[in-house]
Amino acid sequence: MHTELRRAPAPRTTPACPPTGGSPTDGSATEGPAQGHVLAVGAPGPRRERLTRTLESTGYAVTHAVPGDIGRSVRQTPPDAIVALDGGHGGLGGVDQAVAVVEEIRTAPQGQVLPLVMVTADREPAGVARLLRSGADDCLPEAADPVELSARIAAKLHRVPVPVDRLALDPRTGLYSAPHFHDELDRELRRPGPGRRQGVLAVVGVAEADALEERFGARVRREVAERLAGVSERLGDGSGRLGWDDKGRLLVLMPGVDEETARRALQDFANAVAGTRFVVADENVRLTPAVGWLPLADADGRRADRAVGQAADAVAEALRHRDLRPVRYEPWMRAATAPRRRARKVVRPLLLALSPLLALLIGVGVPFALYEQTYTVLGWDIASGVYWVVVAGLVLSASLILLECLFSLDAPTRPATPAQPYPPASAVIAAYLPNEAATIVDTVESFLRLDYPNDLEIVLAYNTPHGLPVEDTLREIADRDRRLVLLPVSGSTSKAQNINAAVTRVRGEFVGIFDADHHPAPDAFRHAWDWLSHGYDVVQGHCVIRNGDSSWVARQVAAEFEAIYAVSHPGRTRLYGFGIFGGSNGFWRTDMLARIRMHGSMLTEDIDSTLRALQEGARIATDRTLISRELAPTRLKPLWNQRSRWAQGWLQVSLRHLGQALRHPNFTFRQKAGFIALLGWREIQPWLSLQILPILLHSVVRAGGADRIDWATPACLLAFAFTLSAGLVQTAFAGRLALPELRRRRGWFWRHALISTVFYTHFKNIVARQSHLKELLGDRRWRVTPRVAATAVTPGTAKAVDGR
């Protein structure tokens, strides 16, 4: 974990398993082994009889046990050591039986500390390694010399192995056991205040731990902790101390490190873990680290166990989101619910209710008062200067729209053929099931009809507060078609959490992300791979509205989506040199998505993931021929909620990423200009366009009436005409580049142009200003609107939606 996290150096050890082979010798046992009682484990027969004679010939007393009854034998007559036979034949079956014997012995309390030597017919190193990882202390081939077997038993008896959790350091991994880690932490916490002012404690859990234990047994937790520690060692040397507990969590102590340095180190560690494929219990798996941490100065009561418990509470919060971000412990995490101040319960809703008036006060009242005061007191007419700034801003916005239109004409075309054969692929459908009950079955069946020349799994990652009848239908479909994988995500509160839960379980080399109302075109996955196989990491497709006949709102959105996905996205990609992931109908290389994840705290987790992927050097393509059909809101209120979330989400992304993008050394000047336009100018423009009102009001007051103003100023008229033309041109381009099924609906585009000019553009500006105030007031709720049945207009049938 850079310079902060490092395992203690592991002492050198001698390999436990010798080379196989050897033959009995005569007369070499003259020194004689120490006397002792050995339990010989194996099925009755010639092999166990030979083993018994060998042990007795070297001086040991021997009793017997058969697999399945080992625990009782150990309790009744506790041996000094155990020698166990495998299943009697080489290969996978023999190793599996031997591993089962080892696990049975180690499960018995008395068997956990007894020396255990395995005698195996399997000569393969991989089989020997499995036995040692399963808990055997030593192993040797069945043909080994009796003297060697006796000597190995004697060595184990004379140097009885100490369980790792009783050692200060695991001699193989260098990890502190939990008690000794707590001792180290106690020493740090007992330092005087200034001495422990800097320092961080972290606990690292893994989201897949329970599933792995269910499949491979409890010992897998320790193996997972060792894999995590290996990542920290790979990241660099340092003074940090690492340990592990009985739940398989990695314990991290970073003394003398400031909080920001520790947070960055933990973030880099989490990213490295998520981007690594691990071999755990002989299986290739992805792991999702959940990191909880707290400064040592904030540790409750200076007690190690309480401090670790606090960090573990933060781990539980990190597990909910699975977005790789380290979570700092906060006191509310220990309570059942987060505390809320009584005054906040009253003040915030009141301010939100008054937000339209606040927006007018901030955007109109304050500037007007400023213009009047500076003119009256200082004699400065700054309103005239601001007027030309506003005009220039409106002209700039219109120019950017026209440039996007022109650049969209020559957008890069999809490669004609893939550069590599089609690999296994996965689709992830993220759903909040109560909101999708009317549409989800149609959606799933449309995915099962996709045409893809290799394996394609369909993962429905969903959350629901209560069981629904549609789940029975989905289970019936999954039983009938094994390509459908149902993944309930317990405790999820966002689409991002559903995607994060799915990304470590998908088997495909690339994954398509879809909302629950999407019906991809049959060739969508084939065409996505055409891009990804040529070096792209993400490709964004074209989302098309399929219920435009449901209402005038749906028709407006249908035309608007063509302006976005057929014109703006391709135009921006070519103009600025980077594409954008638009939340659905996007295809990611699985390795990239596993490293990036989605952040559930962001209202537009798609744009946030785009910026983080670009900072990692990702190439994002946009393809307007990569089609998926979805449902539009059919009423204004759901549309308001949807666009409000989008606007507030863009603001969050701007606040988080604009500065980082402008400082990033790998972005070109052209790309940085694009970030300024998309993240900076986007947030300024709604407020700048509103400034025309206080300017005009000031001018009317100064002139002594509206009739005394010359409204026919040529520059003003030209700027107005140019600004108005941008929206009309964009709509014309959208109608020309739309899909044929929508291109025939010319009336939709004419109505879109008219409604946008007189209403919709102002509607979106109002939404943007309201959203800025919501973010300022800390209201970041995702309002879900139920979907209702309606009729679709484009190929196929569907139900309408009131938006998420």
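Are Arg152 and Asp138 buried or exposed? I looked this pair up first in what is a predicted model, and I noted that Arg152 is buried and that Asp138 is buried as well. The two form a salt bridge whose closest N and O atoms are 2.8 Å apart; I placed Arg152 in helix α5 (residues 146-158) and Asp138 in strand β5 (residues 138-141), 14 residues apart.

I then turned to Asp591, which forms a salt bridge with Arg277, the closest N and O atoms being 3.6 Å apart. Since Asp591 lies in helix α20 (residues 590-596) and Arg277 in strand β9 (residues 277-280), this pair ties together parts that are 314 residues apart in sequence. Asp591 is partly exposed, with a relative accessible area of 39%, and Arg277 is also partly exposed, at 45%.

Next I went to strand β19 (residues 586-589), where I found both faces covered, with Gly586 and Trp588 buried on one side and Phe587 and Arg589 buried on the other. Strand β16 (residues 510-515) pairs with β19 in the antiparallel sense over four bridges, and Phe510 stands opposite Arg589. Strand β18 (residues 538-545) pairs with β19, again antiparallel, over three bridges, with Val539 as the bridge partner of Phe587.

Last, I looked at the largest nonpolar core, which holds 52 residues, and recorded Trp588, Leu593, Met598 and Phe675 as those touching the most other members. Helix α23 (residues 669-690) supplies the largest share of this core, six residues. Leaving aside neighbours within four places in sequence, I listed the contacts of Phe675, among them Phe578, Leu611, Leu658 and Phe667.

Terms used
Residues numbered from 1 in each chain as written. Predicted model: local features only at pLDDT ≥ 70, side-chain atom pairs only at ≥ 80, totals over all residues. Heavy atoms only, no water. Buried < 20%, exposed > 50% of the residue type's maximum accessible area, 1.4 Å probe, protein only. Helix = DSSP H or I, 4+ residues; strand = E, 2+ residues; numbered from the N terminus. Pairing = 2+ DSSP bridges. Core = buried A, V, L, I, M, F, W, Y, C linked by side-chain atoms within 4.5 Å. Contact = heavy atoms within 4.5 Å. Salt bridge = Lys/Arg side-chain N within 4 Å of Asp/Glu carboxyl O.
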